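Thanks for coming. I will go through one structure, starting with its aromatic rings and ending with a helix pair.

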Amino acid sequence: MKSVPDSTPDEPSPPSRRPRVRRKDPLGPESEIGARLRMLYAEVESEPIPSGLIELLEQLGEAERRAVK
Amino acid sequence: MSVENPPSFKSAMLAALPALRAFAMSLSGRHDQADDLVQETVMKAWSKQADFTLGTNMNAWLFTILRNLYYSQMRKRGREVQDVDGVFTARLGVAPSHDGRMDLADFRRALEALPADQREAILLIGAAGFSYEEAATICGCATGTVKSRVSRARSRLQSVLGVSGASDYGPDPATSGPVVSRAFAR
C-alpha cells in the first residue's frame, strides 16, 4: 500500500508556468543576490561611526544654535 | 516645541550616517576616502538644508550629494571613474565565518567586476533599499536606465552564484568562462 504522494491535487497552476501576479521581487527577501548584497552592505553599516563625524555634526548643531539666539 | 529645538536635522543626519558610509565605501572602495566623502557630504548638506524638503527621503537626498561630490572629485583628479579595487574588502576578514563565507567572497569579487554604474544601481536597489525612482534621482538618470543596469548586474551576479553553488570552486570553464574571464580581462 503506497502512501499518498505529496502533491496536492487541487494545485491549480501547471508546473511549467508560474502565475504572473505573484512575481517575486528579484532582489527581495527571498533572493540570494539580495541577501548577499545586504550582507555586504550591512557589514559596513554596522561599523562604528568615526567620532570625528559625530563631533562635526555636534559642532554644526552648536554653531546653528548660537546663530539662532 | 521651542524654536531652538526644531525637529532635528542633526539627528536625522546622524541616523543616515551608517547608510551613507556604506554607499561611500561602495563608490570609493577605501575607508579613508569614504569617510572624507561622508564628512564633506555632511557639511554640504548642512549648508544646503534649506533645500531639503521635509517628508521626502533624506537618505536619497544625502546619497545624491555624496555621489555628486565623489564624481566631481574624480573629475578634478582627472581620473576616469573606474572600477574600484576593493569594494567592501576591508571588512571581509572579519566576515562571519559561517558556511556562506566562501560564497560571499566569490560574490564580492563578482560585484567588483561589474561596471561601476551597474554595481551602483544594484546596490542602491538591492542593498540600500531605494525605489527605482529614488535611485534614478540619485544617479541623475532615467528610471528605465536604472532598471536595465540592475537587470544586467543581476544576471551577471546570478551566473556567478550559479557557478559557486554548483561546484567545489574548481575551475569549470563550461559554466564560469564568460563571466569570470570578462572580469579578469578588464
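A cluster of B:Phe9, B:Trp46, B:Phe52 and B:Trp61 is held together by ring pairs. Rings of Phe, Tyr and Trp (for Trp, its six-membered ring) pair if their centres lie within 6.5 Å, and planes under 30 degrees apart count as stacked, over 60 as edge-to-face and the rest as tilted.

Before going on, the ground rules. This is a predicted model, in which local features need pLDDT of at least 70, side-chain atom pairs count only at pLDDT 80 or more, and totals for chains, interfaces and linings use all residues. Residues are numbered from 1 along each chain as its sequence is written, chains are lettered from A and ligands numbered from 1 in the order in which they are written, and side-chain values use heavy atoms, with hydrogens and water left out.

How many aromatic pairs are there over all chains? The count by the ring rule is seven. Take B:Phe9 and B:Trp61: their ring centres are 6.1 Å apart and their planes stand at 70 degrees, so this pair is edge-to-face. B:Phe9 belongs to helix α1 (residues 9–28) of chain B and B:Trp61 to helix α3 (residues 58–76) of chain B, so the pair ties together parts 52 residues apart in sequence. Helices here are DSSP runs (H or I, at least four residues), strands are E runs of at least two, and both are numbered from the N terminus. Both B:Phe9 and B:Trp61 are buried, meaning under 20% relative accessible area, with exposed over 50% and partly exposed in between (1.4 Å probe, protein chains only).

B:Tyr70 and B:Tyr71 also form an edge-to-face pair, at 5.0 Å centre to centre and 80 degrees between the planes. Each of B:Tyr70 and B:Tyr71 is buried.

Next, the helices. Chain B has eight helices and zero strands. Of its 186 residues, 46% are buried.

Two packed helices are described by the angle between their axes and the distance between the axes. α1(B) packs with helix α5 (residues 116–126) of chain B at about 160 degrees, axes 10 Å apart; axes are lines fitted to C-alpha atoms, for helices over the stretch in contact, and angles run from 0 to 180 degrees between N-to-C directions.

Which residues meet? From α1(B), B:Phe23, B:Ser26 and B:Leu27 contact B:Arg119, B:Glu120, B:Leu123 and B:Leu124 in α5(B), where contact means heavy atoms within 4.5 Å.
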